[in-house]
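Me: I would like to go through this model and ask what each label rests on. Please set the values against the definitions.

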Amino acid sequence: MNRIFSGMQPTRQLHLGNYLGALRNWVALQNEYECIFCVVDLHALTIAQEPEVLRNNIREVAAAYIAAGIDPDKNILFNQSFVSGHAELGWILSCHTPLGWLNRMTQFKEKAGKHRDMANLGLYSYPVLMAADILLYKATHVPVGEDQKQHLELARDIAGAFNRHYDTEFFPLPEPQILGEATRVMSLRDGTKKMSKSDESEYSRINMTDDADTIAQKIRKAKTDPEPLPDTLEDLEKRPEADNLVTIYAALSGETREQAIQRFAGAQFSQFKTALLDAAVAHLAPITQRMNELLADKAEIDRLLRKGGERAEAIASRHLAEVKDIIGLLRP
Ligand code: TYM
């Protein structure tokens, strides 16, 4: 059986990278797979959180999923901390993960920066908890943006190590699904840096909650170069900011990058940016509006998350019991 698991952290607002790199693909995949979409609130604790802000961010991510088109009845939609099996399996898997594997993780190195000794243990073991998220449901497919590829390879390695150690085929090796034209959306201020929630500049990203004026301002200010747009992908790829904007346009308008570059070959950025911001507003405005409607009824979001959590728990507890049997832990 094919089962999808994927998630997003409720840290700050979701942005266009999260949407084009992951969420939009989930919406398309929900018709083909049994899907579990999670708000990974335990992962968010790896950076300092204000309780009230965290609570709201969890609801906001859930609202973004639904507003983007995830059906909470057809799919399982819940927040990670509802199901204690994530943390429990995380511990078990951490005992099957050599430190050397974690030392290779580039995201930890980036996030810990120079002060690695001051980074918390959770940030370091973050990818093990992510492996647990996926394996707890024996998910076979994981749709993510390109930046999560290394974490997914680790999840496969951990699943393989567990299976070999206990001479079993209990865990499937999950396949990454890195789909669409915009698998790595870059900052609007610097085409060599990933669009990210942690960037200090608000002008580096378009948030899913931005209104039309804010989107227009951010796109107008987006960094470009002085040349008109080129007519081949090869020339485009030498120009990171132009490449990023054309990629975003292609993803939003459902074209390939090749088609988009043909359409705008020789155009000035001012003309192209008008088309880009029209496409961004047309795509995002209905989602933002639906998100705001959903967020007006927090109790309803909490109810949906609880309902999803109960469905997730039913699968997780069954699998965790089987894991305990495999490794020789006595069950209550
Ligand atoms: P997170 O919360 O950083 O990002 C959520 C999703 O958005 C994608 N993404 C991007 N895609 C394209 N361009 C970008 N600039 C961009 N920025 C983010 C991410 O690749 C991701 O798919 N570790 C995960 C959350 C997680 C998870 C999991 C994912 C926890 N457990 C289990 C899948 C399965 C993360 O931090 O994503």
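Me: Which residue stands opposite Ile4 in E2?

Reply: Ile4 stands opposite Cys35 in E2. This is a predicted model, in which local features need pLDDT of at least 70 and side-chain atom pairs count only at pLDDT 80 or more, while totals for chains, interfaces and linings use all residues. Residues are numbered from 1 along each chain as its sequence is written, and side-chain values use heavy atoms, with hydrogens and water left out.

Me: What makes E1 and E2 a pair?

Reply: Two strands pair if DSSP finds at least two bridges between them. Strand E1 (residues 3–8) and E2 are joined by 6 bridges and run parallel, so they meet that definition. The names come from DSSP runs numbered from the N terminus, with helices (H or I) of at least four residues and strands (E) of at least two.

Me: How is the chain's path from E1 to E2 described?

Reply: The chain leaves E1, passes through helix H1 (residues 16–29) and reaches E2, a β-α-β crossover that is right-handed. That word applies if, with the strands pointing away from the viewer, the path from the first strand over the helix to the second runs clockwise.

Me: What makes E2 and E3 a pair?

Reply: E2 and strand E3 (residues 76–79) are linked in the parallel sense over 4 bridges. Across this pairing, Ile36 stands opposite Ile76 in E3.

Me: Why is E1 called largely enclosed?

Reply: Buried means under 20% relative accessible area, exposed over 50%, and partly exposed in between, with a 1.4 Å probe and protein chains only. In E1, 5 of the 6 residues are buried, so the rest of the structure largely encloses this strand. Strand E2 (residues 34–39) is mostly covered, with 5 of its 6 residues buried. In E3, Ile76 and Phe78 point one way and Leu77 and Asn79 the other way, and all are buried.

Me: Why does Asp167 count as exposed?

Reply: Asp167 has 72% relative accessibility, and therefore counts as exposed. The residue sits in the loop between helix H8 (149–165) and strand E5 (175–177). Its phi is positive, about 50°, although Asp167 is not a glycine.

Me: Where is Arg12, and what is its phi?

Reply: Arg12 lies in the loop between E1 and H1. Phi of Arg12 is near 55°, a positive value in a residue other than glycine.

Me: How do you know that the chain agrees with a compact globule?

Reply: The globule rule is 2.2 Å times the number of residues to the power 0.38, and the radius of gyration is taken over C-alpha atoms. For 332 residues a compact globule would have a radius near 20 Å, and the chain has 21 Å, which agrees.
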